[in-house]
Amino acid sequence: LHCTRPLCLGRRRLSSDAHMRVRTPFRCSPHPCEYEIAFVSDVEGDLDYFNRWVAGSRCVAYTGSDEAALTLTHARAYFVYGGDVPDHGRGSEQLLRLLVGLKRAFPRRVALLVGNRDLNKLRLTSECAPSDLARPHWSIPAPHWDPSAPTLSQHLEQVAAARGGGATAASCDCAAERLRWMYENTLGCPATFEARRAELAALRSVGSATGDNGGGGGGGGGGGGGGGGGRPPPPPP
């Protein structure tokens with residue numbers, strides 16, 4: 001998409017591979033000059049898709065063949081990310097690191113907007129905090145916006161029934177299972193827990209990322225719950 005008038009994004013949604021060429025973006029400038037703006041949105045952890053987008057971009061490129069960092073390709077290139085970085089794909093953390101790295105490298109020429117899938121993860125800072133994890137599982141209600149969703153207690157009872165061997169809801173209650181319940185029943189992304197587990201395992205070069213409940217048979221997984229014995233260190237920043 002090319003336009004020769006001052007840029008005004010407003011609330012209009014652009015296609016995910018949009019590029020804009022903008023002349024005289026500031027009316028106070030007496031001299032016409034050209035800026036190029038790349039825009040992409042709603043990648044949702046699909047790193048393969050993002051890599052294809054970068055390959056076709058005139059403004060954004062990887063700095064090396066290892067695809068570990070991004071750069072802007074010329075002095076008048078700008079980049080806008082329209083929101084929704086994580087969830088469905090297995091590259092959420094890698095995409096976050098790439099975008100934040102680009103923003104740090106070009107703070108005045110990169111804009112990172114937040115979408116609902118970014119904002120709703122702010123819940124994790126409180127609901128996965130030790131003080132909230134100390135709340136009894138039976139005191140946590142189902143999401144009021146979805147009458148069909150199970151409560152945390154009902155989720156844990158299902159987990160206990162699947163494990164067998166005398167497992168109970170209380171014995172299955174851990175940060176990882178609470179996170180799984182949130183993803184599957186309150187955040188609208190039922191596949192995110194396992195996608196996140198797979199991504200963390202790949203980043204940490206281990207066979208699998210495990211839960212934090214002391215090895216109780218397939219329960220938790222690397223979505224960011226509390227600590228547990230024998231966990232590998234986190235990937236370097």
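Mentor: Helices α2 and α9 pack with their axes 8 Å apart and at an angle of about 65 degrees. Here helices are DSSP runs of H or I with at least four residues, strands are E runs of at least two, and both are numbered from the N terminus. Axes are lines fitted to C-alpha atoms, for helices over the stretch in contact, with angles from 0 to 180 degrees between N-to-C directions. The angle makes α2 roughly perpendicular to α9, a label for 65 to 115 degrees; under 35 counts as roughly parallel, over 145 as roughly antiparallel and the rest as oblique.

This is a predicted model, in which local features need pLDDT of at least 70 and side-chain atom pairs count only at pLDDT 80 or more, while totals for chains, interfaces and linings use all residues. Residues are numbered from 1 along each chain as its sequence is written, and side-chain values use heavy atoms, with hydrogens and water left out.

On the α2 side, S92, E93 and Q94 meet R196, E199, L200 and L203 of α9, where contact means heavy atoms within 4.5 Å. By class, this contact has three charged, two polar and two nonpolar residues.

E93 also forms a salt bridge with R196, their closest N and O atoms being 2.9 Å apart. Since E93 lies in α2 (residues 92–105) and R196 in α9 (residues 192–203), the pair ties together parts that are 103 residues apart in sequence. A salt bridge is a side-chain nitrogen of Lys or Arg within 4 Å of a carboxyl oxygen of Asp or Glu. E93 is buried, with a relative accessible area of 11%; buried means under 20%, exposed over 50% and partly exposed in between, with a 1.4 Å probe and protein chains only.

R196 has a salt bridge with E199 as well, at 3.7 Å between the closest N and O atoms. Both lie in α9, three residues apart, about one turn of the helix. E199 is buried too, at 2% relative accessibility.

Beyond this contact, a network of salt bridges links R163, E177, R180, E194 and R197. Within it, R180 and E177 meet at 3.4 Å, N to O. These two are three residues apart in helix α8 (residues 175–185), about one helical turn, and both are buried. In total, the structure holds 14 salt bridges.

Key: Ala, Val, Leu, Ile, Met, Phe, Trp, Tyr, Cys and Pro count as nonpolar, Asp, Glu, Lys and Arg as charged, and the others, Gly among them, as polar.
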